[in-house]
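Let's take a friendly walk through a protein model. Keep the sequence and the picture open as you read.

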Amino acid sequence: MQAAQHARGRARGGARRHGLSAAEWRAWERDGFFLRRRVFAPGEVARLCEAAEQVVARADAALCGAERYEIDGNGYAEARIAGRAATVQLEHGAPGRFGAIRVIEPFHALHPVFEALVDDARLVEPMRDLVGGPVALFTDKLNLKRPRVGSRFGWHQDSPYWMHFCNHLDQLPNVLLALDAAAPHNGCLRLVRGSHRRGPLPGRSGEGVLGPLFTHPAHFDESAAEAIVLPAGGAVFFSPHSVHGSQPNASGDSRRALVLTYQPAGLRMFKVDLVRNTGVGNVEAGAAAGGAQSSDLAACSKAARSSA
Ligand SMILES: O=C(O)CCC(=O)C(=O)O
């Protein structure tokens with residue numbers, strides 16, 4: 001199937017600048033991921049960082065009135081930020097208290113800069129190749145590892161989180177976009193080469209509610225893990241079945257990242273009753289039908305978003 005996608009991607013290659021190269025297809029099939037080190041320019045990254053900090057400040061303010069809960073000792077809040085529902089994960093703070101914001105999901109509707117990012121051809125075109133056609137957003141996370149407090153992400157695959165929600169698990173590619181330079185010292189992402197090939201793997205047992213969502217160590221080879229070193233503005237595209245995780249940020253350097261997951265166009269988002277088709281995907285799908293369909297789809301998508 002991926003070879004067919006490759007051929008399709010090449011056939012459309014003339015008008016598209018960001019589709020997968022042959023080497024990237026080979027890496028995707030062999031390793032389950034590929035890197036692009038210079039996707040966004042420094043000025044663009046600065047705007048994304050500014051937007052991220054504005055969203056975090058609004059989320060911090062929204063936490064006062066938010067419903068908080070714990071799972072396995074980890075703190076969460078269901079917050080309304082700028083009128084939108086989002087799940088916020090918290091770091092551990094002083095004994096018995098929760099600290100800084102760790103993850104906000106979803107984040108794209110919380111700032112116009114992020115709303116535009118979802119439609120950016122540098123993300124959408126590779127995602128079209130990986131999904132095999134026009135794409136919609138599935139979910140998106142702002143992951144913050146603040147200096148010295150950013151905590152680890154245990155080894156896991158994303159597909160087990162999503163398997164009870166949808167049946168297109170193989171069509172949920174992720175892209176992690178680095179807002180800060182990321183390396184082992186500040187807890188960069190680690191991906192286990194080739195771990196995507198066997199689909200969802202067994203989880204850990206006897207380790208709380210979330211244990212089954214962490215991959216059982218007997219089912220992957222940790223020695224095949226690669227530290228994904230990226231400059232700010234670089235990205236890694238990775239399979240929903242890839243085992244991945246990251247170490248705490250013990251350094252004085254921030255490690256912020258955006259993780260966006262795409263899916264075939266027309267499907268609703270994870271945990272949000274909206275369809276967020278992408279502009280590039282809609283335009284191309286509509287062009288084949290004389291152009292009218294693209295604006296109809298965009299209008300539907302916009303109406304759905306504003307009625308949330
Ligand atoms: O940000 C990281 O280091 C890990 C992210 C991750 O595992 C996830 O979002 O599923």
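## Getting started

In this report, a helix is a DSSP run of H or I with at least four residues, a strand is a run of E with at least two, and both are numbered from the N terminus. The model you are looking at is predicted.

By that count, the protein chain has eight helices and 14 strands. Of its 308 residues, 40% count as buried. Now look at contacts between residues with a separation of 6 or more: 74% of them join residues 24 or more positions apart.

## Helix α2: a helix with a buried face

Which residues of helix α2 (residues 22-31) are buried? They are Glu 24, Trp 25, Trp 28 and Asp 31. Seen down the axis of α2, these buried residues fall within an arc of 165°, so they line one face of the helix.

## Helix α3: packed along one side

Helix α3 has 22 residues, and the distance from its first C-alpha to its last is 31 Å. That is close to the 32 Å expected at 1.5 Å a residue.

Its buried residues are Val 45, Leu 48, Ala 51, Ala 52, Val 55, Val 56 and Ala 59. They sit on the same side of α3 because they cover an arc of only 145° around the axis. The face turned away from that buried side carries the exposed residues Pro 42, Gly 43, Glu 50, Ala 57 and Ala 61. What covers the buried residues? Among the elements doing so are β3 (74-81), β4 (84-92), β5 (98-105), α4 (112-117), β6 and β13.

## Helix α5: mostly covered

In helix α5 (residues 121-131), nine of the 11 residues are buried, so this helix is mostly covered. The buried residues include the charged Glu 125, Arg 128 and Asp 129, and also Leu 123 and Val 131. α5 is followed by Gly 132, whose phi is positive, near 90°.

## The nonpolar core

The largest nonpolar core holds 67 residues. Val 55, Leu 176, Leu 177 and Val 236 touch the most other members. Helix α3 (residues 42-63) supplies the largest share of this core, with seven residues.

Leaving out residues up to four places away in sequence, Val 236 touches Phe 33, Leu 35, Leu 176, Leu 189, Ile 228 and Leu 230.

## Arg 256: buried or exposed?

Arg 256 lies in strand β13. This residue counts as buried because 22 other C-beta atoms lie within 10 Å, and the cut-off is 20 or more.

Beyond its neighbours within four places in sequence, Arg 256 is in contact with Cys 49, Ala 52, Leu 144, Leu 179 and Asp 180. Arg 256 and Lys 145 are 111 residues apart in sequence, yet their C-alpha atoms are 5.8 Å apart in space.

Methods:
Residues are numbered from 1 along each chain as its sequence is written. This is a predicted model: local features need pLDDT of at least 70, side-chain atom pairs count only at pLDDT 80 or more; totals for chains, interfaces and linings use all residues. A nonpolar core is a set of buried Ala, Val, Leu, Ile, Met, Phe, Trp, Tyr and Cys residues joined through C-beta atoms within 7 Å. A residue is buried if 20 or more other C-beta atoms lie within 10 Å of its own, exposed if 12 or fewer, and partly exposed in between; C-beta atoms are placed from the backbone. Two residues are in contact if their C-beta atoms, placed from the backbone, lie within 7 Å. The arc is that of the directions from the helix axis to the C-beta atoms. The expected span of a helix is 1.5 Å times one less than its number of residues.
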